[in-house]
Amino acid sequence: MEHHRLNIVTGATGYTGKYITRRLLAMGQQVNSLTGHLSRENPFGAQVAVLPFNFDNPKALAESLQGATTLYNTYWVRFSHGMVTFDDAVKNTKMLLAAARSAGVRKIVHISIANPDANSALPYYRGKGLLEQAVMDSGLSYAILRPTVIFGPEDILVNNIAWLLRTFPLFAIAGSGDYQIQPVFVEDVAELAVKVAEREENVVLDAVGPEIFTFNELAKLIAKHVKSRARIVQVPPRLALLLSRLVGYLMRDVVLMEEEVEGLVANLLVSSSTPTGWTQFSDWVERNGRTLGTRYSSELGRHYR
Ligand SMILES: NC(=O)c1ccc[n+]([C@@H]2O[C@H](COP(=O)([O-])OP(=O)(O)OC[C@H]3O[C@@H](n4cnc5c(N)ncnc54)[C@H](OP(=O)(O)O)[C@@H]3O)[C@@H](O)[C@H]2O)c1
């Protein structure tokens, strides 16, 4: 493997991109990052130059990718909000792909989602499906990783389930709760990402952990390890959404989107492929139960404030 080569990681000061960056640096490689948050604290200091996305300036965007061998793309939005819609995120990602091609980048490692579908009625999954096709058509060598829910210290979903279980006497599950979820550890996703970057051939791979839970089981497991005494109840999805909006109002955040519930209930957070991650969620939650969910993690706080 070549050392000292330059990689670009989008969101190295964010979540998954940070773990990918850490691995690349440990391997002796160079990393520059693209971000929308230039003023956020850079955990890598002078080791990683942080540059703006420049989605409104394709020439500057291509210049920031010049000399890079591999682009690790984590860029995406969880929901349409304010000035950034799913359509914008698709357009911006296509601009990033074109810039990578013109800058001579050899490989893209693109983080997608399990079960993407360009024809889905759910905009998250539709956008991801459209972008996978754009990656395949980009002329770049590619590796596409499709995670389910990524758990780890900075994760929002699992953390906030734990926070809700700690904070309120009741935890409402949308619908029957017997739909499935197959979480994957953020370190495993990062390791897979740097490994697939070395593959000569193009690859599309689900990034999924070794355990599958029903949502009911997941909530009970988290409740046990954070020592929650909340009553876990199944309620109609509309009521669960209404309650999540109330919590969102209190926390000035968006806790849960209707489309996310639809994706969950449709079993889109589970894969039919062989697991590619090895860290067991049940072990991790047991080891981290003391601190998990002690503070609320805000999606809007992270990306919009
Ligand atoms: N987290 C999960 O459970 C999960 C599950 C399945 C798939 N994925 C996929 O994995 C990738 C990484 O996810 P992550 O949770 O690790 O993301 P993240 O680090 O929070 O964000 C990844 C990148 O997207 C940018 N971004 C995110 N939301 C944005 C917004 N609203 N407006 C503008 N830019 C925004 C971030 O910008 P900044 O650099 O400015 O922060 C960052 O560069 C994404 O493609 C996601 O779809 C995540």
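**Domains, ligand shell and a helix pair**

The chain is assigned two domains: domain 1 covers 6-147, and domain 2 is made of 151-181 + 211-300. The model is predicted. Between the C-alpha centres of domain 1 and domain 2 the distance is 27 Å.

**Contact between the domains**

- On the domain 1 side, 10 residues are in contact with domain 2, and 10 residues of domain 2 take part in return.
- The side of domain 1 that touches domain 2 is made up of 7 nonpolar residues, 2 polar and 1 charged.

**Ligand shell**

- There are 22 residues around the ligand.
- Those that come nearest to the ligand are Gly11, Gly14, Tyr15, Thr16 and Gly36.
- By class, the shell around the ligand holds 11 nonpolar and 11 polar residues, with no charged residue.

**Helices H5 and H7**

- Helix H5 spans residues 157-167 and helix H7 spans residues 215-225.
- The two helices pack with their axes 9 Å apart, at an angle of about 65°.
- The crossing of H5 past H7 is right-handed.
- H5 contributes Val158, Ile161, Ala162 and Leu165 to the contact.
- From H7, the contact residues are Ala219, Ile222 and Ala223.
- The contact of H5 with H7 has 7 nonpolar residues, and neither polar nor charged residues occur in it.

Note on methods
Residues are numbered from 1 along each chain as its sequence is written. This is a predicted model: local features need pLDDT of at least 70, side-chain atom pairs count only at pLDDT 80 or more; totals for chains, interfaces and linings use all residues. Domain bounds come from an automatic or database domain assignment. Two residues are in contact if their C-beta atoms, placed from the backbone, lie within 7 Å. Ala, Val, Leu, Ile, Met, Phe, Trp, Tyr, Cys and Pro count as nonpolar, Asp, Glu, Lys and Arg as charged, and the others, Gly among them, as polar. A residue is near a molecule or strand if its C-beta atom, placed from the backbone, lies within 6 Å of it. Axes are lines fitted to C-alpha atoms, for helices over the stretch in contact, and angles run from 0 to 180 degrees between N-to-C directions. Helices (H or I, at least four residues) and strands (E, at least two) are DSSP runs, numbered from the N terminus. A crossing is left-handed if the near helix is turned anticlockwise from the far one by less than a right angle, and right-handed if clockwise.
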